[in-house]
Amino acid sequence: MEAGRVGRIKLGSQGLEVSAQGLGCMSMSGVYGLPKPEEDMIALIHHALNSGVTFLDTSDVYGPFTNEILLGKALEGGVRERVELATKFGFCSVDGKREIRGDPAYVRAACEASLTRLHMDCIDLYYQHRIDTRLPIEVTIGELKKLVEEGKIKHIGLSEASASTIRRAHAVHPITAVQLEWSLWSRDVEQEIIPTCRELGIGIVAYSPLARGFFSSGLKSIENLSHDDFRKLLPRYQPENMEHNKTIFESVNEMAKRKGCTPSQLALAWVHHQGNDVCPIPGTTKIENFNQNIGALSVKLTPGEMAELESFASEDIVKGDRSAHDIPTWKNSETPPLSSWKAA
Ligand SMILES: NC(=O)c1ccc[n+]([C@@H]2O[C@H](COP(=O)([O-])OP(=O)(O)OC[C@H]3O[C@@H](n4cnc5c(N)ncnc54)[C@H](OP(=O)(O)O)[C@@H]3O)[C@@H](O)[C@H]2O)c1
């Protein structure tokens, strides 16, 4: 399917408008193998902007830090004004051990450090990447609210937050977007989180919409991935589960052939068909794959085709958890009540 010009959607109720598909920048700086050459990634980002994809997704933990530095360089010379830039905070390393932090001093310092790396005065959308469950969510959002008032960030987002955490956060300051893993084979968010976002008028940003490349290529030879490829740590991609899961890709691929599109386009079209409050942010490091992915916006699916696709990857068919066991998800994002909190 050929790509047309990418349209725009409203995200949340606070006036943020973004491209209907975003660009996930994480794998430009490692995670799925080695970091890619800076010059090529800057060319890819500029190509994305010229194609109408202006919603760029990064985090201080990608690299760590180098992905934000890359974006800072890519957006120099007046390019920044054409972009909606989203970044995240919360993962940090203490004595080589991963920690999640959302205390006010950390939030402020993380934001200022991101602004410096990005060469910006203001972040368009600042997410808490994972929830710090040691303190009430109201305390973290209280600091983010101050950053909004000071003009350092425009909008607040949450990533991997439960419905009740989202609700509590939204009562302190309107949440513009919730980022969550949502794809044909990761649908646990549909029961409570998506309805809560819709009730509160919060935009939905779908990360890993291609199942980290699984719906693009089937990832048949996980053993061939480089030793530091993050997917090697994820249960779903382990050889014993992949042996079973590969039939899901085969079914999607078969249907894509019938539809005259690619499996990536079909998997992304399924996300686009969830509603115009949903923005998938597929990640890629290649211009040809980027072009293919925006082509998904032209793929039309009937309710029957949606149901057929869903039947390939129903919960009982998919083997293995979506997330690594030592990384928190929305399932463990509850925070203590505000009444219990005594600030130091
Ligand atoms: N909030 C969170 O906790 C969280 C977690 C994970 C990711 N994210 C964000 O979401 C973004 C996207 O997620 P993701 O990168 O994990 O997974 P994804 O978008 O589902 O898949 C990315 C993978 O698919 C491959 N790919 C993409 N388009 C392709 C195509 N048309 N044909 C063949 N292969 C293709 C890419 O390889 P090539 O580079 O070779 O194209 C890459 O390996 C990230 O960049 C990051 O910004 C957020």
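Lys-246 and Glu-243 pair up through their side chains in a salt bridge, 3.0 Å from N to O, where a salt bridge is a side-chain nitrogen of Lys or Arg within 4 Å of a carboxyl oxygen of Asp or Glu. A search of the whole structure turns up 29 salt bridges. Keep in mind that this is a predicted model, so local features need pLDDT of at least 70 and side-chain atom pairs count only at pLDDT 80 or more, while totals for chains, interfaces and linings use all residues. Residues are numbered from 1 along each chain as its sequence is written, and side-chain values use heavy atoms, with hydrogens and water left out.

**Salt bridges**

- Both Lys-246 and Glu-243 sit in helix H8 (residues 239-259), three residues apart, or about one turn of the helix; helices (H or I, at least four residues) and strands (E, at least two) are DSSP runs, numbered from the N terminus.
- Lys-246 is partly exposed at 31% relative accessibility, on a scale where buried means under 20% relative accessible area, exposed over 50%, and partly exposed in between (1.4 Å probe, protein chains only).
- Arg-258 and Glu-308 also make a salt bridge, with their closest N and O atoms 2.9 Å apart.
- That pair ties together distant parts of the chain, with Arg-258 in helix H8 and Glu-308 in helix H11, 50 residues apart.
- Arg-258 is exposed at 55%, whereas Glu-308 is partly exposed at 27%.
- Asp-188 and Arg-322 meet in a salt bridge too, at 3.4 Å from N to O.
- Here the link spans 134 residues, from Asp-188 in the loop between strand S10 (177-181) and helix H6 (193-200) to Arg-322 in the segment after helix H11 (303-312).
- Asp-188 is partly exposed at 24%, but Arg-322 is buried at 8%.
- Arg-108, Glu-112, Glu-143, Lys-146, Glu-150 and Lys-152 are joined in a network of salt bridges.

**Around the ligand**

- The shell holds ten nonpolar, 14 polar and six charged residues; Ala, Val, Leu, Ile, Met, Phe, Trp, Tyr, Cys and Pro count as nonpolar, Asp, Glu, Lys and Arg as charged, and the others, Gly among them, as polar.
- Helix H10 (residues 287-294) gives the largest share of that shell, three residues.
- A polar side-chain atom of Tyr-32 lies 2.5 Å from a ligand oxygen atom.
- A polar backbone atom of Leu-210 is 2.7 Å from an oxygen atom of the ligand.
- A polar side-chain atom of Ser-264 is 3.4 Å from a ligand nitrogen atom.

Terms used. A polar contact is a pair of N or O atoms within 3.5 Å; within protein, one must be able to donate a hydrogen and the other to accept it, and residues adjacent in sequence count only if both atoms are side-chain atoms.
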